[in-house]
Amino acid sequence: MACGLADGRSSGFVSSEVGGIVAGPRGPLPLPEGFEWFDASHPSPDAMSEAAGRRALELASRSASQGGLLVLLSGGASALMAVPADGLSLADKMRTARALM
């Protein structure tokens, strides 16, 4: 689903200077130009989930000077792009996610 969302919205919309990411548990699938794949885990986050989340934050920060940001999320984004809050570790976030399931 995530690749379909990216493909459907990227044509002429996503700047190669900003780009985009797709995070999912299965892939990589063919992606539109300018997109990066993150083989992240769901339902429990992993190191690639954190990497995807940090990359998303970096793109969001850069997009501010580019005139905007388009965010398309499907189910599972809290695990697929998981950046722990300051003072917490990824292991803390993983334990919390498991406790809530």
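Of the 101 residues in the protein, 32% are buried, where buried means under 20% relative accessible area, exposed over 50%, and partly exposed in between (1.4 Å probe, protein chains only). This is a predicted model, in which local features need pLDDT of at least 70 and side-chain atom pairs count only at pLDDT 80 or more, while totals for chains, interfaces and linings use all residues. Residues are numbered from 1 along each chain as its sequence is written, and side-chain values use heavy atoms, with hydrogens and water left out.

**Whole chain.** Colour by secondary structure: there are four helices and two strands, in the order α-β-β-α-α-α from the N terminus. Helices (H or I, at least four residues) and strands (E, at least two) are DSSP runs, numbered from the N terminus. Among contacts (heavy atoms within 4.5 Å) with a separation of 6 or more, 56% join residues 24 or more positions apart.

**The core.** Select I21, A23, F38, A40, A52, L59 and L80, the seven residues of the largest nonpolar core. Such a core is a set of buried Ala, Val, Leu, Ile, Met, Phe, Trp, Tyr and Cys residues joined through side-chain atoms within 4.5 Å. Strand β1 (20-24) and helix α2 (47-63) are the elements that each give two or more residues to this core. Now centre on A52: leaving out residues up to four places away in sequence, A52 touches I21, A23, F38, L80 and M81.

**The end of α2.** Which backbone oxygen does the side chain of S63 reach? It is that of A60, at 2.8 Å. S63 lies in helix α2 and is counted as buried because its relative accessibility is 4%.

**Between β1 and β2.** Go to G34, in the loop between β1 and β2 (35-39). G34 counts as partly exposed, at 36% relative accessibility. Apart from neighbours within four places in sequence, its contacts are G19 and G20. Draw a distance from G34 to G20: their C-alpha atoms are separated by 6.3 Å, though the two residues are 14 apart along the chain.

**Between β2 and α2.** Select H42 and P43. The peptide bond from H42 to P43 is cis, with omega near 15°. Most peptide bonds are trans. P43 is in the loop between β2 and α2, and S44 is placed in the loop between β2 and α2 as well. S44 is buried, at 16% relative accessibility; beyond four places in sequence, S44 is in contact with A79, M94, R98 and M101.

**Between α3 and α4.** P84 sits in the loop between α3 and α4 (90-100). Is P84 buried or exposed? P84 is buried, because its relative accessible area is 9%. With residues up to four places away set aside, P84 touches E50, R54, S89, L90 and K93. From P84 to R54, 30 residues apart in sequence, the C-alpha to C-alpha distance is 9.7 Å.

**Last stop.** Select L69, in the loop between α2 and α3 (77-80). L69 is exposed, with a relative accessible area of 53%.

Key: A polar contact is a pair of N or O atoms within 3.5 Å; within protein, one must be able to donate a hydrogen and the other to accept it, and residues adjacent in sequence count only if both atoms are side-chain atoms.
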